[in-house]
Amino acid sequence: MQELLLLLLPIAAASGWLAARRSMRTDKGECVGEAGPVYFRGLNHLLNEEPDKAIDAFVEMLEVDSDTVETHLALGNLFRRRGEVERAIRIHQNLIARPALTREQRAQALLELGQDYMRAGLFDRAENLFRELKETKLHVRPALRNLLVIYEKERDWVSCLETADQLENLTGEKMSLQKSHYHCELAQAASAQGRAADAAAHLKRALLTERDCVRANHLQARIAADQGDHTTAIRMLRQTAEQDAGYLPEVLPEIVSNYRSLGDLQGLRTFLTETSGSHPGAGAELPLADLIRETEGEGAASEYLAEQLAASPSLALLLRSIEMNSRLPDSQSSQFVEGLRPHIRRLLDDKPTYQCVQCGFAAKTLHWQCPSCRSWSTLKRRSLIEAES
Ligand SMILES: [Zn+2]
């Protein structure tokens, strides 16, 4: 607050002086040496330690003319950056209401006001301003970028696609990753409404836009599984894991359930054994332990888990072996391990599993778009990030 007043005080004084000089010029002979009552009201508030009122008084006395438009813009910007959005909005609305602004000045003020509205969460108003800017052909790039943020928030994926195309044309910057996700969103919506053909068409376009779009492949596999084509589903799911090994833990449970739907336990065993060898810690160990228990009994499964725990210990493996141990007869340690279980489970629950590689945002579920920095496809399993670094 103090630094702001230090900035405002001389500007306000200068504005008062300008106003005074102008009135001296108009009323010849009459010497108007005063800075004006508003300035003194502001000073008075300042001396009475009422900085909020002082700021408003100084802002009020700044006349809008071609000399002070820049000052108003800078002030509004400063207020917004300090989180004083209401003040920023008042300044920018006041600017726009002036008919004397040039086309460029008005566009600049519209852009600033739009950003104020964004900051205040008034997305409808912001959208109208940015659309107006787009039509005036001034500041089109920032207008489109802001519109894209708004449409993403509104989950208006059709508008997102249009806007991304316009941005691509304007900047030459490729936005295929975002566009493939917009198509996937549309596909998911279509699929939820039972429009299977539309869903398939959007997934096709997602893959045309971004050839290695794992999300589109994953959704296609789900559609195949829903239609009872588990062989195709397995092939596609395994393909997504090959495209991006970081994605394996996401699709692994679905690969397992597709093998089970087929009744192909031998195929499942081969897949899980291979995967736990090539990607330890990706989640193949637990379903493999389950499978061993079903086919060879508790003892064999418990032995397998002990081996895995010795090789690469993890909380999930520990928990499962405790669970199996407690089912074994004559296990004297079962009471002891039983006592450990709630602590281990809490550790597992507390630990956020995903992290944005862009900004570090941590989450328990996979978000396609980072809620913090709004990048797409940047959330990865934390265990994999840790393993890489
Ligand atoms: Zn992020």
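**Helix packing and the zinc site**

User: At what angle do helix 14 and helix 15 (residues 265–278) pack?

Analyst: The model is predicted, with local features needing pLDDT of at least 70 and side-chain atom pairs counting only at pLDDT 80 or more, while totals for chains, interfaces and linings use all residues. Residues are numbered from 1 along each chain as its sequence is written, and side-chain values use heavy atoms, with hydrogens and water left out. Helices (H or I, at least four residues) and strands (E, at least two) are DSSP runs numbered from the N terminus, and axes are lines fitted to C-alpha atoms, for helices over the stretch in contact, with angles from 0 to 180 degrees between N-to-C directions. The axes of helix 14 and helix 15 lie 8 Å apart, and the packing angle is about 160°.

User: Is helix 14 roughly parallel or roughly antiparallel to helix 15?

Analyst: Angles under 35 degrees count as roughly parallel and those over 145 as roughly antiparallel. With a packing angle of about 160°, helix 14 and helix 15 are therefore roughly antiparallel.

User: How far apart are the axes of helix 13 (residues 230–243) and helix 14 (residues 248–262)?

Analyst: The angle between helix 13 and helix 14 is about 160°, which means that this pair is roughly antiparallel. Their contact draws on residues including I234, L237 and A241 of helix 13 and V251, I255 and Y259 of helix 14. The distance between the two axes is 9 Å.

User: Which residues of helix 12 meet helix 10?

Analyst: Helix 10 (residues 176–192) and helix 12 (residues 214–226) pack at about 20°, with axes 9 Å apart, and are therefore roughly parallel. Helix 10 contributes H181, C184, E185 and Q188, whereas the residues from helix 12 are R215, A216 and L219.

User: What is the arrangement of the four donor atoms around the zinc ion?

Analyst: Donors are N, O and S atoms within 2.8 Å of the metal (3.2 Å for Na, K and Ca), and here the SG atoms of C356, C359, C370 and C373 coordinate zinc at 2.3 to 2.4 Å. Four donors count as tetrahedral if all angles lie between 85 and 135 degrees. The angles around this zinc ion are 106 to 114°, so the arrangement is tetrahedral.

User: How many residues apart are C359 and C373?

Analyst: Along the chain, the zinc donors follow the spacing C-x2-C-x10-C-x2-C. C359 sits in the loop between strand 1 (354–356) and strand 2 (362–363), and C373 in the loop between strand 2 and strand 3 (379–381), a separation of 14 residues.

Note on methods:
Parallel < 35°, antiparallel > 145°, perpendicular 65-115°, else oblique. Contact = heavy atoms within 4.5 Å. Tetrahedral: all angles 85-135°; square planar, octahedral: opposite > 155°, others 65-115°.
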